[in-house]
Amino acid sequence: MSEKKPSLLEGFKAFLMRGNVIDLAVAVVIGAAFTNIVNAVVKGVINPLVGAFGTKNLDSYSSCLKAPCRVVDGEMQGIQIMWGSVLGATLQFLITAAVVYFLMVLPMAKYLARREAQRKAKEGVQETLEVTELEVLKEIRDALVAQRGGEAGGPAGASAPGDRG
């Protein structure tokens with residue numbers, strides 16, 4: 001017998017219905033919206049702070065590796081290292097990572113740890129109750145065995161309280 005292979009469309013539908021694909025799509029949309037916020041912070045706060053010491057545009061910071069670094073007829077002469085662009089991108093990344101960590105990851109980790117502690121505490125109380133109930137049931141069993149032993153003579157060599165031997 002040959003197994004029926006799922007069709008291409010069925011496989012695609014199964015892929016889309018997995019939860020992590022939807023989570024990923026939501027993360028991409030939120031990330032795209034969040035990028036605008038980070039860009040505004042860099043443009044409105046970071047660049048003016050840097051501008052207090054130089055120019056507001058980080059992209060204008062560069063070093064010349066091989067002279068002369070100047071534009072001649074719309075073309076750059078020499079080799080120019082645009083380290084200001086790298087610095088700007090690095091700042092944007094660090095701001096994004098810090099905001100994601102402090103506003104999303106850290107609170108979620110604390111929440112999950114608190115929930116786990118509550119679950120463990122609840123399990124501990126439940127286990128204590130079960131152990132206590134088990135001890136009470138053992139005592140009742142022992143008392144019943146002792147009573148039966150007194151009435152029927154009990155097992156050989158055993159005597160119940162109140163037996164006269």
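Here is a friendly walk through this predicted model, point by point.

1. **Overall layout.** Let's start with the fold. Three helices and two strands make up the secondary structure of the protein chain. Going along the sequence, their order is α-α-β-β-α.

2. **Burial and surface.** The protein chain has 165 residues, and 8% of them count as buried. As for contacts with a separation of 6 or more, 30% of them join residues 24 or more positions apart.

3. **The nonpolar core.** Which residues form the largest nonpolar core? Five do: Phe 34, Val 38, Val 42, Ile 46 and Ile 95. Helix α2, residues 19-51, gives the largest share of this core, with four residues. Val 38 is a handy place to look: leaving aside residues up to four places away in sequence, Val 38 touches Gln 92, Ile 95 and Thr 96.

4. Ile 22, Val 26, Ile 30, Tyr 101, Phe 102, Leu 103, Met 104 and Val 105 make a nonpolar surface patch of about 780 Å². The elements that contribute two or more residues are α2 and α3, the latter spanning 83-152. Helix α3 provides the largest share of the patch, five residues.

5. **Aromatic pairs: Tyr 61 and Trp 83.** How many aromatic pairs are there? The count comes to two. In one of them, the ring centres of Tyr 61 and Trp 83 lie 5.5 Å apart and the planes meet at 40°, so this pair is tilted. The pair connects distant parts of the chain, since Tyr 61 lies in the loop between α2 and β1 (63-72) and Trp 83 in helix α3, 22 residues apart. Trp 83 is partly exposed because its relative accessibility is 38%.

6. **Aromatic pairs: Tyr 101 and Phe 102.** Why is this pair called edge-to-face? The planes of the two rings stand at 80°, with the centres 5.1 Å apart, and an angle over 60 degrees counts as edge-to-face. Are Tyr 101 and Phe 102 exposed or partly exposed? Tyr 101 is partly exposed, because its relative accessible area is 39%. Phe 102, at 52%, is exposed.

Note on methods: Residues are numbered from 1 along each chain as its sequence is written. This is a predicted model: local features need pLDDT of at least 70, side-chain atom pairs count only at pLDDT 80 or more; totals for chains, interfaces and linings use all residues. Side-chain values use heavy atoms; hydrogens and water are left out. Buried means under 20% relative accessible area, exposed over 50%, partly exposed in between (1.4 Å probe, protein chains only). Contact means heavy atoms within 4.5 Å. A nonpolar core is a set of buried Ala, Val, Leu, Ile, Met, Phe, Trp, Tyr and Cys residues joined through side-chain atoms within 4.5 Å. Patches are made of residues with over 30% relative accessible area and no salt bridge: like charges are joined within 9 Å, nonpolar side chains (Val, Leu, Ile, Met, Phe, Trp, Tyr) within 5 Å. Accessible areas come from the Shrake-Rupley method with a 1.4 Å probe; for residues, only the protein chains shown count as cover. A salt bridge is a side-chain nitrogen of Lys or Arg within 4 Å of a carboxyl oxygen of Asp or Glu. Rings of Phe, Tyr and Trp (its six-membered ring) pair if their centres lie within 6.5 Å; planes under 30 degrees apart count as stacked, over 60 as edge-to-face and the rest as tilted.
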